[in-house]
Structure formats: C-alpha cells, structure tokens
Amino acid sequence: MTTPLIRVGLAGAGLSAKIFHLPFWQADGRFVLQRVYARSPQKARDAFPEAEISGEFADLLRDDIDLVVITTPNQTHYELAKQALLAGKNVLVEKPVCATAGQARELAALAAQQGVLLTVYQNRRWDSAPLTAKTLLADQLLGEVVDAEIRFERYAVGLNKKQWKETGEAGVGLVYDLGVHLLDMAVDLFGMPQQLYADVRYQHEGAVSDDYFAIILYYADGKRVNLVASKYAREPLPFMTLHGKRGSYIKQDADNQEPLLVAGARPAEGWNREEEAHWGVLHTEINGETVRKRIEGVRGDYGAFYRELYSALTEGKEPPVTIAQAEAVLELIEKVYQSAEEGRKLEV
C-alpha cells in the first residue's frame, strides 16, 4: 500500500521554517515541501532549493497543495490563515495563531465550515522538561503539586533585530512570543487556572513591545504556577521547578533541540540525547527511602508533532494542538494584559 504524501505550501522562509519545520519534514519523509511563498525569493531559493519559490501567497492555494504552513510575522497570521481556509486548505500556523481569542474563534468556525484541519505549532509541549514532568506527575513521584515555576530567561541588550517584533501592535511582544509557550505548557500540564495575576514590563530603552512578564496562575486546589520571561538574565534560574507534597523536580534547561538545530544538527536516532550534566534533579521518596539524584528525562521530540499531524490529516484523528486549546491560551493572554493594566487579580 502506498503511503500518502502531504504536499506542503510554506509561507515564510525565516528561522522558524528552516529550523523548526523543514528538518522534521525531511526526517519524517511523508511531508513534501512543494512551494514556498517568500518576500525575498532569492534567499528562499538558497534555503529551500528543492521547492518552487513564489512571491505570491495565492500560489500556495493551488490544487497541488494539501497543507499550508504559515511561519510569517505574527501580524499576518490571521489574514493568511483565513485566506487558506477559504481556499479549502488544511492549515498549520506558527504560534500565536492570531492576536485575539475572537479571531481564533472565527478561524475555528471557518475551518469547521470548510471541513478542513486547523492547528497551531506549539512545539514546546514536546520539550524534554514538560514531557518529563508529565511522566513524574503520572507516576505520582512528586505527589500533589503545590507550587510550580517555568521560566524563559535570556540576556539580550537592546531591541529585537526583527523589527516586526518591536512595533507595539497586538500580537507581538514577549507575552505573545514566549508567554504563549509557557501558558500553553502550564495548561497542558495542570489545566486551566481559576485566577490570574500578571506584571508586564517594558525594560529596554525605547521599547514599545513588552519585554518582561511575570504571570501567576491560581488553581482551585490551592496550587500556584509562576511563569516568567526576561531578557535581562545573564544567570538564568532553572527553566522548571516543581514542588509537590512528596517531592521536587528541578531542570535547568528546557531542552536541547533548538541549539542543536541552530548548530546544523538534523533529527536522527539518538540525535538529542542530553548529557548527564543537563539532566534534571529529582528529590523525592521511593519505597520509604528519600532519594535525591539526577534523572535522564524523557527525550524532547518536536517530530512527534508532525507524526500526530500526519495521523490527523490521513486518519481523521485529533490534531496535536487543537484550535480550542489555542483559543484558551489567547483568552489567558488577554487576561494577562488586563491584569497588568489594572494591577489586580482576575477570575479566568
């Protein structure tokens, strides 16, 4: 039996397309890059020599495209996704899918009306740290979690060189860039919170897009989850800290896939096994004995997103990230900005 191939039309030829998508299509073998829409066709030809290059998005809507993948700047996501859905195409959009929950609901209704698939590339769910956390929680090695903290901290003096990220428009800024990952991860691990409080700041000189945030999610069972991102952290704190009534888990790094991909590595068997120095620390009680040790976590696997997406496209299974999940995260983001502006805790 012949394995169906998914013919891909790619919008955008930047870092995301080259690092987070193309290597996994190539490794999977069932996704074939057919055509690329790019504002700089010559650069796109150098990066994607196997594909046809076009300066018109409409060329991705031809009959020979099964899946449109949108990796263009955030401000374009809604309009491009809407065009693709109206053309009857399955659509994958880089996070955030759009700027507002209302836009997400509109796209979801359109996808349902057209009978096509719409999903969002929330690849950080498949980082090692959250995958390991899921296993520890399922195995009850931490007990009931009472406090959790997840942080994306970097050191970057000055404004982002990608000018579209510094316009101050809705849909850009650190909350939409990294907060969308952290909120998605928190909801995936712990569910929707009951209340939320946020501090959003503009720390770089001349910044009109937010570049720092601290978000606190409050849960009905008393659990509190802190989400933090900063660009002024030469010594970042651990990416993930989980404290439960039985034990704790701390991991300094989220995952090693991105730095490996940026350095030119390509997915293969064992390609991203972490060195022991980067394993997380588990401190808990097992069979009545206190144990504190480094544990090799679940290996990160962005390729899992595309394996699940293939099943959704060919077998009608649920996509790896549903538009309803993306909409819920956007609703939280809207609460984040409201809370920061009003300086108060909000019901979710």
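How many aromatic pairs does the structure hold? The structure holds 15 of them. This is a predicted model. The legends below start with the whole protein and then turn to close-up views.

View 1. Along the principal axes, the C-alpha atoms fill a box of roughly 60 × 50 × 40 Å. Of the 348 residues, 53% count as buried. Take the contacts between residues at least 6 apart in sequence: 71% of them join residues at least 24 apart.

**View 2. Phe31 and Tyr310 form an edge-to-face aromatic pair.** A pair of aromatic rings is described by the distance of the centres and the angle of the planes. Here the centres are 6.0 Å apart, with 75 degrees between the planes. Phe31 lies in strand S2 (residues 31–37) and Tyr310 in helix H8 (residues 303–315), so the pair ties together parts that are 279 residues apart in sequence.

**View 3. Phe305 and Tyr306 make another edge-to-face pair.** Their ring centres are 5.4 Å apart. The angle between the planes is 80 degrees. Phe305 is buried, with a relative accessible area of 0%. Tyr306 is also buried, at 0%. Ring pairs link Phe305 and Tyr306 into a cluster with Trp25, Phe31, Tyr121, Trp126 and Tyr310.

**View 4. Charged side chains sit over tyrosine rings.** The charged end of Arg201 sits over the ring of Tyr212. The distance to the centre of that ring is 4.1 Å. Lys223 lies over the face of Tyr219, at 4.7 Å from the ring centre.

**View 5. Asn123 is a buried loop residue.** Its loop runs between strand S6 (118–121) and helix H5 (128–138). The relative accessible area of Asn123 is 4%. Which residues does Asn123 contact, leaving aside its neighbours within four places in sequence? They are Phe20, His181 and Tyr302.

**View 6. A cis peptide bond joins Lys95 and Pro96.** Omega is about -15 degrees. Most residues other than glycine have a negative phi, and most peptide bonds are trans. Where is Pro96? Pro96 is in the loop between strand S5 (90–94) and helix H4 (101–114).

**View 7. Gln140 has a positive phi and is not a glycine.** The phi value is near 60 degrees. Gln140 is in the loop between H5 and strand S7 (145–153). At 47% relative accessibility, Gln140 counts as partly exposed.

**View 8. Asn287 has a positive phi, although it is not a glycine.** The angle is about 55 degrees. Asn287 lies in the loop between strand S13 (280–286) and strand S14 (289–295). Is Asn287 buried or exposed? Asn287 is exposed, with a relative accessible area of 76%.

How values were computed:
Residues are numbered from 1 along each chain as its sequence is written. This is a predicted model: local features need pLDDT of at least 70, side-chain atom pairs count only at pLDDT 80 or more; totals for chains, interfaces and linings use all residues. Side-chain values use heavy atoms; hydrogens and water are left out. Rings of Phe, Tyr and Trp (its six-membered ring) pair if their centres lie within 6.5 Å; planes under 30 degrees apart count as stacked, over 60 as edge-to-face and the rest as tilted. Helices (H or I, at least four residues) and strands (E, at least two) are DSSP runs, numbered from the N terminus. Buried means under 20% relative accessible area, exposed over 50%, partly exposed in between (1.4 Å probe, protein chains only). A charge sits over a ring if NZ of Lys or CZ of Arg is within 6 Å of the ring centre and within 35 degrees of the ring normal. Contact means heavy atoms within 4.5 Å.
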